[in-house]
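Let's take a friendly walk through a protein model, one piece at a time. Keep the structure open beside you as you read.

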Amino acid sequence: MAEVQSNVPPKKGGFSLSDTKTRGLIYQALTIAMVVYGIWWIIDNAANNMAAQNIKFGFGFLTTQSGFGIIQSLIDYNESSSYGRVFFVGLLNTLIVALIGCILTTIIGFIVGVGRLSKNWLINKISTIYVETLRNIPLLLQIFFWYNAVLKPLPGPRDVHDKGDQLWFSLSNNGLMIPKPIPEGGFWIVFTIFVLGIIGAIVIKKWAFNRQMATGQQFKTIWTTLGLIIVLPLLAFVVMGSPLHFQPGEMGTFRPNAGFGLNVIPEFIALLLALVAYTSAFVAEIVRAGIQSVSHGQTEASYALGLRPGPTLKLIIIPQAMRVIVPPLTSQYLNLTKNSSLAVAIAYPDLVAVFTGTVLNQTGKAVEIIMMTMLVYLSISLVTSTFMNWYNDRVKLVER
Amino acid sequence: MNLLKIAAYTTAIVSASFVATSYAATLDDVKANGAVTCGVSQGLPGFSNPDDQGNWSGLDVDTCRAVAAAVFGDATKANFKPLSAKTRFTALTSGEIDMLPRNTTETLSRDAQHGNFPGVNYYDGQGFMVRKDLGVSSAKELGGAAVCTNTGTTTELNVADYFRSLGLEYTVVAFEKADEVVAAYDAGRCDVYTTDQSGIAAQRTKLADPSAHVILPEIISKEPLGPMVRHGDDQWFDIVKWSLNCMVDAEELGISSANIDEMKGSDNPGIQRILGESGDLGQLLGLPNEFCYSIVKQVGNYGESFDRNVGPDTPLGLSRGLNALWKDGGIMYAAPFR
């Protein structure tokens, strides 16, 4: 029978289990059914058990007063704020460490990655040691190292300063104290001019590029760029009568007084340093791999066309290396963001520490809070991926 | 059609093995396990602390051992699970442990949300410890200070309430593990260490130089510490409650682990009842009649347990204070065995 069937195509609308297409459909339907059943079972089980323990599902707790203090918040927060506000305080604390972390990681990662390819023996070896040491020590240990071995043993603020001292720059176990910039009336005009300068510089750069494409004439944009972005805002700053002043910290009885200066807490510094050191070691390897993926023939061809080493790097090597670098770089950004939740080990008040930790403990709303936290990390990761995919589309090899 | 059959079987097995867990009859589970499983702290001297051989001791550990003695007639049939302040209630409600003697403050929200409090084994209050060289003699002078504390505790909330009510600025550095809080305070990250006074006395012993620190006089809260049990199991609640009461009543009646065998022959009807010589009080709880005899014989009465773990002769050196018997000026008062 088998030979006959293989020659005769199945009738339209016919149903036969020996038809691969039908079987495929059945398998797929079964898989979907099992997945749906699995999800339904998880929800049903949670609902049953919560009912058995007399726990009600709901997000009403978010408006309840929190009653506890948080050491660092980027928005107004005090003990009478709601749990909902705690959520945003934690979220912003996570985002700020992730954002600054990603920027520093990229810069250091690129420098070290290029350093590993350097012909200078010392730079080469230092870069290699940096990478091999930092990426092979677990991140949690590095966080503890920075916090317990480097920052906590620093002298206390009372050991270094007397009450009433002005603190322009002070590093103690209370963290880093730097002056707080306070803009005055005319500052926004200077800022607007600065933004306009940047836009102007970009426009001129585009124009110069198009002109070079069309006529072959080059235009040195470096001077116009410097003038628009630095000189013009500086001029405006002087004309407006320096509308920005810096307010130093002020030492109180025990610690620097609240509301003076800008205090970067040691927990933040430790977490940031550890995240950047650890992740940049991986980024350095990604950058090295990216640059080495561009064959040496490309460089030789470029030299043969008469391009100097600078333009060769800028126009030939980096664009081709970027398409190899960007996808794994995205993963590292995501890793850094997710790893920031290790903050809980050193009392940095990130989302996991204050919301999934303290708020969960005080309200007992485990399902709701874990759900919200997972959704947040998922969203941050998806947004980062989307942005990096968009960037990847721009730098990837255009196939014609 | 084989696949469909497999799918059907899998479904059947899966649904059968996942029927909702029942939370009743903890006593039966404990008997089946052959031991009481207690959630305790991750190391708080005097309350629940393991020695270098992994043997647990402390006031909370004694509460657990008392229940083991009541159920099995053997105080050693107790297992201890160290839990952080944050995970303790989940461990209890999920059935991972049978009871939670973990220096936990009784509050309305905890009683309503997480489980029941059968009694109090230590009346505490929150205090502050600072370095002597700060020159501070009252908590009211602490404006602008940094305070180290534990996340997920009533301590964290009390300190916020206290400073707010006085209108003082403060910053709070909140760690998850008690050891980290102490280490951070010891390293000078904070000016103030705050927790229950008993806890301060206990943690002070771990500091590099205990004599360089001073405990401030203010007590800013009521902290009745006691064991917790799950909601919905009245029998188990009663067992834990009367194991605690047994120790307090035994002290009141003058029964100790040393003289208990003489006391057994006493004519005092109260002593006869509590030791199970007359009446059927133990059986009413589903326990052997002489359950309280086993507790006092093996663990001791409340006073013995207090003196052994936190009393004046221990490194903690706490006086009985509020925890003295009601007839000695304290508030330890247990309902009668009758």
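## Helix α12 of chain A

The buried residues of α12(A) pack against α3 and α13 (366–395) of chain A. A residue is called buried if 20 or more other C-beta atoms lie within 10 Å of its own, exposed if 12 or fewer, and partly exposed in between, with C-beta atoms placed from the backbone. Packing here rests on contacts: two residues are in contact if their C-beta atoms, placed from the backbone, lie within 7 Å. The helix names come from DSSP runs, numbered from the N terminus: helices are H or I with at least four residues, and strands are E with at least two.

This is a predicted model, in which local features need pLDDT of at least 70 and side-chain atom pairs count only at pLDDT 80 or more, while totals for chains, interfaces and linings use all residues. Residues are numbered from 1 along each chain as its sequence is written, and chains are lettered from A and ligands numbered from 1 in the order in which they are written.

How many of the 13 residues of α12(A) are buried? The count is 12, so the helix is mostly covered. Among them are A:Leu351, A:Phe355, A:Asn361 and A:Gln362. The end C-alpha atoms of α12(A) are only 16 Å apart, short of the 18 Å that a straight helix would reach at 1.5 Å a residue. The expected span of a helix is 1.5 Å times one less than its number of residues.

## On either side of α12

Look at the loop between α11 (309–339) and α12 of chain A, where you will find A:Ala347. A:Ala347 has a positive phi of about 65 degrees, although it is not a glycine. Is A:Ala347 buried or exposed? It counts as buried, because it has 26 C-beta neighbours inside 10 Å.

Just after α12(A), a glycine also takes a positive phi: A:Gly364, at about 70 degrees.

## Where the chains touch

The contact between the chains takes 32 residues from chain A and 35 residues from chain B. On the side of chain A that touches chain B, the elements giving two or more residues are α2 (20–52) and α12 (351–363) of chain A. Of these, α2(A) gives the most, with seven residues.

Sorted by class, that side of chain A has 12 nonpolar, 17 polar and three charged residues. Here Ala, Val, Leu, Ile, Met, Phe, Trp, Tyr, Cys and Pro count as nonpolar, Asp, Glu, Lys and Arg as charged, and the others, Gly among them, as polar.

## Helix α3 of chain A and its partners

Next, follow helix α3 (residues 83–116) of chain A. Its axis comes within 7 Å of the axis of helix α4 (residues 121–134) of chain A, and the two cross at roughly 125 degrees. Axes are lines fitted to C-alpha atoms, for helices over the stretch in contact, and angles run from 0 to 180 degrees between N-to-C directions. α3(A) and α4(A) are therefore oblique to each other; angles under 35 degrees count as roughly parallel, over 145 as roughly antiparallel, 65 to 115 as roughly perpendicular and the rest as oblique. In this contact, A:Val112, A:Gly115 and A:Arg116 of α3(A) meet residues of α4(A) including A:Ile123 and A:Tyr130.

α3(A) also packs with helix α9 (residues 266–292) of chain A, at an angle of about 40 degrees and with the axes 7 Å apart. That makes α3(A) oblique to α9(A). The residues of this contact divide into 15 nonpolar, seven polar and three charged.

## A helix pair in chain B

Helix α9 (residues 234–252) and helix α13 (residues 291–298) of chain B pack at about 65 degrees, with their axes 10 Å apart. They are therefore roughly perpendicular to each other. B:Ser243, B:Cys246, B:Met247 and B:Ala250 of α9(B) make the contact with B:Cys292, B:Ile295 and B:Val296 of α13(B). These residues divide into six nonpolar, one polar and no charged.

## Helix α6 and strand β5 of chain B

Helix α6 (residues 154–166) of chain B has 13 residues and reaches 18 Å from its first C-alpha to its last, close to the 18 Å expected. Its buried residues include B:Leu157, B:Val159 and B:Phe163. Among the elements covering the buried residues of α6(B) are β5 (100–105) and β7 (126–131) of chain B.

Strand β5 of chain B holds B:Asn103, which has a positive phi of about 25 degrees although it is not a glycine. B:Asn103 is buried, with 30 other C-beta atoms within 10 Å.
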